[in-house]
Amino acid sequence: MQLEGVHHVTCITGDAPGNVRFYTDVLGLRLVKKTVNQDDPTVYHLFYADEEGSAGADITFFEYPGARRGRAGAGMVHTVTFRVASEDALAFWESRLASEGVSSSRTHARLRFEDPEGLGLELAVVSVPDEPLVARHPQIPAEVALQGFDGVRAFAADPDRSRALLETVLGFRGTGEGSWELRGELRGGLYGYDTPPAAGGGVPGAGTVHHVAWASTMEDHDAWQRRVADAGLQPTPVIDRFWFRSVYFREPNGVLFELATLGPGFGIDEDPDHLGESLILPPAFEHLRSQVEKVLTPLPDPRVAWTA
Ligand code: ZN
């Protein structure tokens, strides 16, 4: 039984229209599902990914309109890293981000920047056997496009507190001080800790990460839930998120983890050619549609302009 790297990363935005623009128009991801938070259907849940809406490329946002900016601190993910293919890709992004008014800093094989609400993002040139997970965009050649997640880094005062869970329970492999890789048969992803900033604790809010989800096969998911429970971590029961199934728990350093299934996927209720174009509600929420549509901020279809 082995987890298959990062499934998705979920964050918070206070500005859904600006968020759609940045992740689709600027970063070139595809909006693959426009839905609501299943625990609060007045709140958008937006999913951006590759062309197919694959796990491993899926960054998602809850929108709390006007939410104040947060700040990552101990027990919170502070950086989300995407893979790119080459140093040429980093040069492309350095220039593209600059033309969008986004400052970035380039170090060897990495480009760091922030989204419009201060979320730490990074592109990394890495060599892995994993399939590149790429979305189409008219201004972004496929060979320089984002290829899915490389991993996430969080702040933790004592990385060793999480070692037993990561290595013994979840199957992460240590790769250095405070750094691990979680690799399955199909994909791998990195997880690491850095020393928390001296300036106080974290503040959840716009531009912060809510949780990171690791991918499980459909068959093993129940067993993973039991395994985490047996390790004393008090996971939630398996929750049906319709496009995947989820179990949540906090790891010992406080980062909210989810284990999410590699199916059924975003195509079960939308034509794969038209993912993300209309507001999709899980069946249990469909009866709330007229109320929900009234309170949600209208969003553009990011691909409408392509054919105009
Ligand atoms: Zn999630």
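Two residues are in contact when heavy atoms lie within 4.5 Å. By that rule, and leaving aside residues up to four places away in sequence, Gly201 touches Arg71 and Gly73.

This is a predicted model, in which local features need pLDDT of at least 70, side-chain atom pairs count only at pLDDT 80 or more, and totals for chains, interfaces and linings use all residues. Residues are numbered from 1 along each chain as its sequence is written, and side-chain values use heavy atoms, without hydrogens and water.

**Gly201**

Gly201 sits in the loop between β12 (188-194) and β13. Helices (H or I, at least four residues) and strands (E, at least two) are DSSP runs, numbered from the N terminus. Gly201 has a relative accessible area of 44%, so it is partly exposed. Here buried means under 20% relative accessible area, exposed over 50%, and partly exposed in between (1.4 Å probe, protein chains only). Leu182 is 19 residues from Gly201 along the chain, and their C-alpha atoms are 27 Å apart.

His8 belongs to strand β1 (residues 6-13) and His211 to strand β13 (residues 209-216), so the pair ties together parts that are 203 residues apart in sequence.

On a 1 Å grid over the protein atoms alone, a cavity is a set of points where a 1.4 Å probe fits but cannot get out; a pocket is an open set with protein on both sides within 12 Å along at least five of seven lines; lining residues have an atom within 4 Å of a point. A volume is the space filled by probe spheres set on the points. The structure holds 3 cavities of 30 Å³ or more.

| Space | Volume |
|---|---|
| Largest cavity | about 60 Å³ |
| Second largest cavity | about 40 Å³ |
| Largest pocket | about 240 Å³ |

The lining of the largest cavity includes Arg30, Leu31 and Asp301. Among the residues lining the second largest cavity are Arg30, Leu31, His137 and Trp306. Residues around the largest pocket include Glu4, Asp50, Arg187 and Leu262.
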